[in-house]
Amino acid sequence: MRLDDRLIDFFTRPLMCIVAAADAARRPSAGRGIGFRLLEDRETIDVMFSAWQWPRLETCIQQTERLAATFVSPSDYVSFQLKGSATMRNTEPRDLEHADRFIVAATNELESLGVSGHLIVPWLTAREARVARLAISEIYVQTPGPLAGMLAGARS
């Protein structure tokens, strides 16, 4: 599924991310994302997370090759969930740069909303950063309201 211009614009905002997967026995695992990079094809996104903080995520993705990543704008709760097939790939220096920018932007946004910086630090760490490459097959609106849970672009 291809990201449209509206979603591309959404991804330029300061965001938070939750990454979720399940293992072969369907036991769920979820953790906080620490960055992302949209690929030029608009159908693929690299999502970073800390394997130190969320050790089961990598194994789950490797076992099932599935991933869901939910992105939320903290200032207004506009949210979208991307789902699809996923593979793990080696972490490169540019991934750590993306993670650093994501962490700074998210921290600044949360602090502007009144969240104390010392509370944010444990949430966002690039320690043992891993990268999952997600081939997007579904996009859901997760913004609270009448469209929540609908496929993006669908009408009620």
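Residues are numbered from 1 along each chain as its sequence is written. Because the model is predicted, local features need pLDDT of at least 70 and side-chain atom pairs count only at pLDDT 80 or more, while totals for chains, interfaces and linings use all residues, and side-chain values rest on heavy atoms, with hydrogens and water left out.

For Asp46 the relative accessible area is 0%. Arg89 also forms a salt bridge with Asp46, with 2.8 Å between the closest N and O atoms. That pair links distant parts of the chain, 43 residues apart, with Arg89 in strand E5 (residues 79-89) and Asp46 in strand E3 (residues 44-50). Helices (H or I, at least four residues) and strands (E, at least two) are DSSP runs, numbered from the N terminus. Arg89 counts as buried because its relative accessibility is 17%.

Arg133 meets Asp46 in a salt bridge too, at 2.7 Å from N to O. Arg133 lies in strand E6 (residues 129-141) and Asp46 in strand E3, so this pair ties together parts that are 87 residues apart in sequence. Arg133 is partly exposed, at 28% relative accessible area. Arg37, Asp46, Arg89, Asp95 and Arg133 are linked in a network of salt bridges, and a search of the whole structure finds 11 such bridges.

What is the order of the strands in the closed barrel? The 6 strands run E1-E2-E3-E6-E5-E4, with antiparallel pairing; two strands count as paired if DSSP finds at least two bridges between them. Neighbouring strands of this sheet are turned by 45° against each other on average, direction ignored. Axes are lines fitted to C-alpha atoms, for helices over the stretch in contact, and angles run from 0 to 180 degrees between N-to-C directions.

E3 pairs with E2 in the antiparallel sense over 5 bridges, and Gly33 stands opposite Phe49 in E3. The hairpin of E2 and E3 has 5 residues between the strands, and Arg42 takes a positive phi near 65° there. E3 and E6 run antiparallel and are joined by 7 bridges, with Val131 in E6 as the bridge partner of Met48.

Helices accompany the strands. Helix H2 (residues 55-64) lies across E1, E2, E3, strand E4 (66-72), E5 and E6, running at about 55° to E1. Helix H3 (residues 93-112) packs on the sheet, touching E1, E2, E3, E5 and E6, and its direction makes about 105° with that of E2. Contact means heavy atoms within 4.5 Å.

Ala129 is found in strand E6 and counts as buried at 10% relative accessibility. Leaving aside residues up to four places away in sequence, Ala129 touches Ile34, Phe49, Thr91 and Leu96.

Definitions and conventions:
Salt bridge = Lys/Arg side-chain N within 4 Å of Asp/Glu carboxyl O. Buried < 20%, exposed > 50% of the residue type's maximum accessible area, 1.4 Å probe, protein only.
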